[in-house]
Amino acid sequence: MTGGTAPRRCVVVGGGLVGLSVAWFLQEHGVSVTVVDRSAVAAGASWGNAGWLSPGLATPLPEPAVLRYGLRALLDPGAALAVPARLDPSLWRFLLTFARHCTAAQWHRAMLALAEINAAALAAYDELGRSGVAAPATPAPITAGFTSAQEARSLLAELAAIRASGQDLSFTVRDGDPGAPFSDRITCTVEIADQRYIDPGGYTAALAESVAARGGTIRAGFTVTRLRSEAGSISVEPASGDPVPTDAVVLATGAWLDTLARPFGVRRRVRAGRGYSFDVATSSPVTRPVYLPAQRVACTPYQGRLRVAGTMEFRGPDEAPVAGRFAAIRESSRDLLSGVDWDSAAHHWVGPRPVTADGLPLIGATSDPRVFVAGGHGMWGITLGPATGMLLAERIATGKDPAAILPFNPLR
Ligand SMILES: Cc1cc2nc3c(=O)[nH]c(=O)nc-3n(C[C@H](O)[C@H](O)[C@H](O)COP(=O)(O)OP(=O)(O)OC[C@H]3O[C@@H](n4cnc5c(N)ncnc54)[C@H](O)[C@@H]3O)c2cc1C
């Protein structure tokens, strides 16, 4: 493979948007793919997220303002950022490393690393759309609402920093009545142009259908317990049943990445930054994503309703949802949105963002030339999934790293 010969077969572990994107683009290189998931397609973070395709906002999570907010949030049980008070040395080690990356200089460096893959994000979606993925990616601005011009200053500073890093970003600040779905408490908005949104669960399912229609195999209920890599052969071992022999493996297991990736030299930890969502009826249709940055709540049109998403909670990816979190999101947004029937809330969901401590994804080869990683996108795996698939598939098929993924080396 390092010699530039594409593998004949590849098993992708993880049927989220990232794994399926890698599988789809591998098919473009003539590779025969099998996607396996311990549960089903879109069973992890790829279902109930906000569905924004917003490369203009895809920034590294560790930044000075997040650290300041995080320290305040430790004392506030209703805060949008939640760390359980428990003895978990590996979590605290992770958070300390995260905190060390919350400097302006580190943020700027990580932003430069993301700029190239961000620039490829929408083009990769265009390619999927042109080639038969039958789900819409709707163009729309994202409108952020604030209760005062003062409150908007932190987002405006961030947008200026994103622009300064060379990213294409166009936005308009407006004072006065913003219109529905904002309430009259919102007096200032910032509209970020040229973004898109999807129904992420529906889109991931459509992508899986396309992979299958192009000859790929999708296997649900297949939990991989380990990869057996021996001279000349590699196979994927399930919890029960026969191992699947293959020529290459891509680990795209989201917040569950560590266990399978660690034996292949991947030392960077991925922790679950869990988010919550539900959807509500609105008195008139909402046609654009809406953002409440001070409350850290993202809303998106969803099947004629409005999906409301928020919270970053550092608990295990398989822990039960904390019931109070849904109420905390509702109460933080209730007065700021109008025409929302909060009693109609449905599809309550929790899902694990795969977060790395340096704010960069893990995309590329591991210490075994037949094992690759695609994950750790944190807040932006929906925006960056297809671009990740396109770039990693090129790496696997040609043996050469595209420049855009060099900063995301899983062995860093
Ligand atoms: C509330 C919320 C809002 C968000 N909003 C946005 C947004 O607007 N835009 C954006 O770009 N991103 C957003 N994100 C982030 C985005 O959802 C994630 O980055 C993305 O979904 C990660 O995709 P993935 O394919 O890497 O992981 P996942 O979708 O979690 O997929 C991993 C899959 O691996 C499977 N798996 C795990 N272990 C094994 C195993 N051993 N064997 C077999 N299968 C296994 C799991 O079942 C799962 O299906 C949001 C996240 C949350 C929680």
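**Close-up views of a predicted model**

**View 1. Ala365 and its partner across the strand pair.** Ala365 stands opposite Phe372, a residue of β19. The model shown here and in the other views is predicted. Strand β19 covers residues 371-375 and is joined to β18 by four bridges. The two strands run antiparallel.

**View 2. The six-stranded open sheet.** The strand order is β8-β2-β1-β12-β19-β18. Pairing within this sheet is mixed.

**View 3. The shell around the ligand.** The ligand is surrounded by 41 residues. The closest are Gly16, Gly44, Gly254, Gly275 and Gly381. Two or more residues of the shell come from each of α1 (17-28), β13 (270-282), β17 (340-356) and α9 (381-398). How does the shell divide into nonpolar, polar and charged residues? It holds 18 nonpolar, 20 polar and three charged residues.

**View 4. Helix α1.** This helix has twelve residues. From first C-alpha to last, α1 reaches 17 Å, close to the 16 Å expected at 1.5 Å a residue. Is α1 mostly covered or mostly open? It is mostly covered, with ten of its twelve residues buried. Among the buried residues of α1 are Leu17, Val18, Leu20, Val22, Trp24, Phe25 and Leu26. Gly19, Ser21 and Ala23 are buried too. Gly30 follows α1 and has a positive phi, near 85 degrees.

**View 5. Strand β13 between two partners.** Twelve of the 13 residues of β13 are buried, so this strand is largely enclosed by the rest of the structure. Strands of a sheet pair through backbone hydrogen bonds, either parallel or antiparallel. With β17, β13 pairs in the antiparallel sense over eleven bridges. Tyr276 has Val350 of β17 as its bridge partner. Strand β16 (residues 305-313) also runs antiparallel to β13, joined to it by six bridges. Here Phe278 stands opposite Val308 of β16.

View 6. Gly385 lies in helix α9. Is Gly385 buried or exposed? With 31 other C-beta atoms within 10 Å, Gly385 is buried, because 20 or more are enough to count as such. Which residues does Gly385 touch, not counting those up to four places away in sequence? They are Leu17, Val18 and Ser21. These three residues are themselves buried in α1. Thr97 is 288 residues from Gly385 along the chain, and their C-alpha atoms are separated by 25 Å.

**View 7. Ala113 in helix α4.** Ala113 lies in α4, which covers residues 104-130. There are 21 other C-beta atoms within 10 Å of Ala113, so it is buried. Leaving aside neighbours within four places in sequence, Ala113 is in contact with Leu360 and Pro407. Thr103 is ten residues from Ala113 in sequence. In space, the two are 15 Å apart, C-alpha to C-alpha.

Terms used
Residues are numbered from 1 along each chain as its sequence is written. This is a predicted model: local features need pLDDT of at least 70, side-chain atom pairs count only at pLDDT 80 or more; totals for chains, interfaces and linings use all residues. A residue is near a molecule or strand if its C-beta atom, placed from the backbone, lies within 6 Å of it. Ala, Val, Leu, Ile, Met, Phe, Trp, Tyr, Cys and Pro count as nonpolar, Asp, Glu, Lys and Arg as charged, and the others, Gly among them, as polar. Two strands pair if DSSP finds at least two bridges between them. The expected span of a helix is 1.5 Å times one less than its number of residues. Two residues are in contact if their C-beta atoms, placed from the backbone, lie within 7 Å.
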